[in-house]
Amino acid sequence: MSKDQRVLFHSTIFGPIHSRRLGTSLGINLSPTDGKVCSFDCLYCEAGFNAQGPGKSGLPRREAVREQLRAKLEQMKQQGEAPDVLTFSGNGEPTVHPEFAGIMDDVIALRDEFFPQAKVSVLCNSTRLDRPEVCRALRRADNNILKLDSAIESTMRRLDRPGDKIFTVDRVIGELATFADEAIIQTMMLRGSYEGETVDNTTPEEIAALIEAYKRIRPREIMLYSIDRSTPAEELVKVPAEELRAIGLQIEEATGIHVQVN
């Protein structure tokens with residue numbers, strides 16, 4: 001995958017797709033359909049690096065998201081196809097959208113109208129938890145899936161590459177702790193290298209730091225997963241399933257928190 005690889009999702013509403021973590025998921029992409037807007041620039045992002053640019057379509061308007069989601073849910077209802085979850089995901093960080101809170105209101109209302117049994121989930125990189133309006137909106141979702149890839153500052157900066165230099169591990173762990181059991185913490189486990197630097201959050205030191213962070217946060221669940229598709233940093237390595245399960249068991253035994261391994 002080259003640094004200028006284009007984005008994955010070329011529509012605002014996409015799917016439904018089968019998510020290995022969530023089931024039948026209808027996606028809601030609040031990023032441009034021809035570019036990427038994200039507050040992280042993760043080495044493993046399946047949508048590519050931010051260097052590809054934001055494109056020309058711009059962020060979708062709230063009204064457009066609502067209309068397109070309504071049309072898709074009506075179609076699924078007519079076809080007898082029920083989603084398990086409506087998921088904020090896509091080509092970047094959904095909470096960057098200035099109308100995220102209002103769009104959350106619309107998504108919940110449409111879910112209640114068409115498929116009240118479905119859950120609303122947000123895949124969030126945790127960079128905007130310092131904004132009260134973002135936190136209030138996230139708390140309205142059924143599943144706040146919030147990222148913590150490393151509890152060691154240097155690893156987090158190498159792996160996730162936050163755009164905001166004042167974003168730190170200590171800050172985000174404190175912010176995640178305010179969600180406690182309202183949150184699901186998602187951690188990508190991988191190893192490899194990028195531009196000659198080793199990247200590995202599976203070492204004993206890394207796992208010990210994550211365990212202490214999880215204990216402080218006390219989420220209702222932890223999701224561990226590894227690479228599933230090609231990555232923009234080509235020298236990253238997927239953690240074998242057996243090793244991932246062993247790490248999950250170690251974390252679960254140390255924290256008493258359920259760990260889902262994918």
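**Ground rules**

I'm working with a predicted model, so I keep in mind that local features need pLDDT of at least 70, side-chain atom pairs count only at pLDDT 80 or more, and totals for chains, interfaces and linings use all residues. I number residues from 1 along each chain as its sequence is written, and side-chain values use heavy atoms, with hydrogens and water left out.

I looked up the strand order here and got 1-2-3-4-5-6-9-11, an open sheet of eight strands with mixed pairing. For me, strands (E, at least two residues) and helices (H or I, at least four) are DSSP runs numbered from the N terminus, and two strands pair if DSSP finds at least two bridges between them. Strand 1 (13–19) and strand 11 (259–261) sit at the edges, each pairing on one side only. The twist from one strand to the next averages 25 degrees.

I then checked the start of that order. Strand 1 and strand 2 (residues 23–29) are antiparallel, with five bridges. Ile17 faces Ser25 of strand 2. I also found helix 1 (residues 62–79) lying across strand 1, strand 2 and strand 3 (85–89), at about 55 degrees to strand 1. My angles run from 0 to 180 degrees between N-to-C directions, with axes fitted to C-alpha atoms, for helices over the stretch in contact.

**Helix 1 on helix 2**

Next I took the helix 1 and helix 2 pair: their axes come within 10 Å and cross at roughly 15 degrees. Helix 1 and helix 2 are therefore roughly parallel to each other (angles under 35 degrees count as roughly parallel, over 145 as roughly antiparallel, 65 to 115 as roughly perpendicular, the rest as oblique). The crossing is right-handed, that is, the near helix is turned clockwise from the far one by less than a right angle.

I listed who touches whom, with contact meaning heavy atoms within 4.5 Å. From helix 1 the list includes Arg62, Val65 and Leu69, and from helix 2 it includes Asp106, Val107 and Leu110. By class I get seven nonpolar, one polar and eight charged residues (Ala, Val, Leu, Ile, Met, Phe, Trp, Tyr, Cys and Pro are nonpolar; Asp, Glu, Lys and Arg are charged; the others, Gly among them, are polar).

The structure has 21 salt bridges, each a side-chain nitrogen of Lys or Arg within 4 Å of a carboxyl oxygen of Asp or Glu. I looked at Arg62 with Asp106, where the closest N and O atoms are 2.7 Å apart. Arg62 is in helix 1 and Asp106 in helix 2 (residues 100–114), so this pair ties together parts 44 residues apart in sequence.

**Helix 6 on helix 7**

For helix 6 (residues 204–217) and helix 7 (residues 241–255), I again have axes within 10 Å, crossing at roughly 40 degrees. That makes helix 6 oblique to helix 7. Helix 6 passes helix 7 in a right-handed crossing. Ile207, Ile211, Tyr214 and Lys215 of helix 6 make the contact with Ile247, Gln250, Ile251, Ala254 and Thr255 of helix 7. That comes to six nonpolar, two polar and one charged residues.

Last, I went to the open sheet with order 8-7-10, which is antiparallel. Its edges are strand 8 (197–200) and strand 10 (236–238). Neighbouring strands are turned by 15 degrees on average, direction ignored. Strand 7 (residues 190–194) joins strand 8 through four bridges, and Gly192 has Val199 as its bridge partner in strand 8. Helix 4 (residues 153–160) lies across strand 7 and strand 8, at about 100 degrees to strand 8.
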